[in-house]
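Reader: I'm new to protein structures. Could you show me how to read one, feature by feature?
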Amino acid sequence: MSIQYTHPGKLLVDTLQRIYDYGMTTTSGGNISIKDEEGNIWITPSGIDKGTLTPADIMKVTPSGDAVGCHTPSCELPFHRAVYQCRPEARVVLHAHSPALVAFSLVGASPDAAWLPGAEKICGKIAFSRYDIPGSLSLGKIIAAEFAAGADCVMMENHGAVVCGRTISEAFTRFETLDFLARIQIQASGLDGAPVLPAAECCKNAPVWENFVATYASPDECALRDSIVRFAARLYRQRLVYTGALTISARIKDDDFLVTPKEIDPLAFGPGDSVRIKEGKCESGKQPACIAALCREIYRRFDWAGAMIFTKSPNLMAFSCTASTLDSRMIPESYIQLRDMPQIKFADFAADPLTAVGKITPATPVVIVENLGVIAVGKNLTQAFDRLEVCDFTANCILLARRIGKVRPINQAQVDEIIDAFKLPR
């Protein structure tokens with residue numbers, strides 16, 4: 001059994017700050033609560049600036065209904081209390097108004113978790129509830145009825161979304177994944193391709209690694225570990241990834257490399273959490289990302305490859321989830337970094353991730369995997385990150401351009417001029 005040593009007030013402030021910083025709610029919007037083992041509900045206050053909230057602002061509501069603290073509990077307390085009553089295992093209720101989720105709520109729809117492998121497991125059952133007055137007892141009953149029927153996420157008509165979880169981490173990851181699903185599907189609506197839904201599990205054939213005991217970390221390894229932590233946080237800050245959907249790897253030397261563990265929180269892991277894999281053996285006591293074998297094969301085949309990032313962003317995933325072609329030739333600067341980007345069918349990758357290796361060359365260092373994201377390979381982490389960032393930038397530019405007119409790539413003669421001018425590999 002894991003014991004929580006962080007005060008509920010700090011947990012709520014840190015989580016709501018993260019939601020606010022990433023544009024998933026407004027200054028006055030959103031609320032979170034934690035129910036402790038004594039039955040107290042710790043909840044964010046009503047009408048307090050979410051950008052300056054402190055633990056001292058958090059309100060405690062006792063089982064008898066007394067409010068303890070210097071403010072008024074959130075006006076949405078009724079539905080928080082109602083959810084806890086119908087879901088005894090729930091310890092966190094989180095409600096916020098991300099633009100993407102509000103957009104879905106305005107049209108009476110819910111994001112489809114089937115678009116991304118693993119999203120259904122994270123989000124659980126997604127339900128839709130009819131409108132009622134915010135903060136009312138009747139709204140609490142409506143929402144609680146959906147949770148009582150087994151929902152883990154509830155879209156609220158003309159309002160936003162509310163999720164529950166056994167821990168604050170589970171609730172936050174659930175909400176963030178739901179938000180990314182909404183963003184991806186909204187972006188994909190600007191493309192012509194129909195949604196491609198995966199019909200299989202990914203990484204079901206992940207290898208079992210032999211272990212070795214690490215007794216020394218060289219300065220080079222330590223520097224790489226620090227860099228992986230920095231780039232993970234940078235990817236997250238720029239909304240190029242959501243919690244649990246990132247793999248970063250960097251080569252120490254030869255058949256010796258680092259890779260992030262499974263399902264990381266990009267803001268909550270440190271240098272020591274990356275997993276070292278040396279000559280086919282895994283650092284003892286750690287579990288590497290499920291595509292660690294793919295990382296190893298890339299390094300074994302290509303002496304020019306020193307780092308790899310595999311992630312997803314709403315702009316990129318709009319193309320990936322509709323099997324639409326992301327044409328880097330639209331923007332000359334993008335083509336210089338990305339070249340042509342081959343695509344891999346989800347079924348092929350799910351059966352054997354090593355199929356991606358056959359698509360990677362010095363002339364095609366970026367590969368898009370249907371429903372899963374993009375693989376960017378570089379000589380170092382900076383180049384791999386740059387390619388990923390340029391890839392997302394290009395996808396965003398094309399999606400925006402399609403709203404105002406017909407997009408046109410540069411022609412083959414102009415592409416050849418770029419290859420010659422910048423001495424790019426063919």
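**Reading the chain, step by step**

Author: Let's start with the surface: the protein chain exposes about 18600 Å², and carbon and sulfur atoms supply 52% of that area. Keep in mind that this is a predicted model.

Reader: What share of the 426 residues counts as buried?

Author: Buried means under 20% relative accessible area. By that cut-off, 54% of the residues of the protein chain are buried.

Reader: And how many helices and strands are there in the protein chain?

Author: You'll find 13 helices and 17 strands. The radius of gyration is 23 Å, close to the 22 Å that the globule rule gives for 426 residues, so the chain is as compact as a globular protein of that length. Its C-alpha atoms fill a box of roughly 75 × 60 × 40 Å along the principal axes.

Reader: How do I check the length of H6, and is H6 mostly covered or open?

Author: Here's a general idea about helices: an α-helix has 3.6 residues a turn, so residues three or four places apart point the same way. For length, count 1.5 Å a residue: the 21 residues of H6 (residues 168-188) should span 30 Å, and the end C-alpha atoms are 30 Å apart, which agrees. As for cover, 19 of the 21 residues of H6 are buried.

Reader: What about backbone angles? Where does Asn 158 lie?

Author: Asn 158 is in the loop between E7 and E8. It has a positive phi of about 55° although it is not a glycine. At 44% relative accessibility, Asn 158 counts as partly exposed.

Reader: Is Arg 339 buried or exposed?

Author: Arg 339 is buried, with a relative accessible area of 5%. This residue lies in the loop between H10 (332-338) and E15 (343-344), and phi of Arg 339 is also positive, near 55°.

Terms used:
Residues numbered from 1 in each chain as written. Predicted model: local features only at pLDDT ≥ 70, side-chain atom pairs only at ≥ 80, totals over all residues. Heavy atoms only, no water. Helix = DSSP H or I, 4+ residues; strand = E, 2+ residues; numbered from the N terminus. Expected span 1.5 Å × (residues − 1). Buried < 20%, exposed > 50% of the residue type's maximum accessible area, 1.4 Å probe, protein only. Rg over C-alpha atoms; globule rule 2.2 N^0.38 Å. Areas by Shrake-Rupley, 256 points an atom, 1.4 Å probe, with all protein chains shown as cover.
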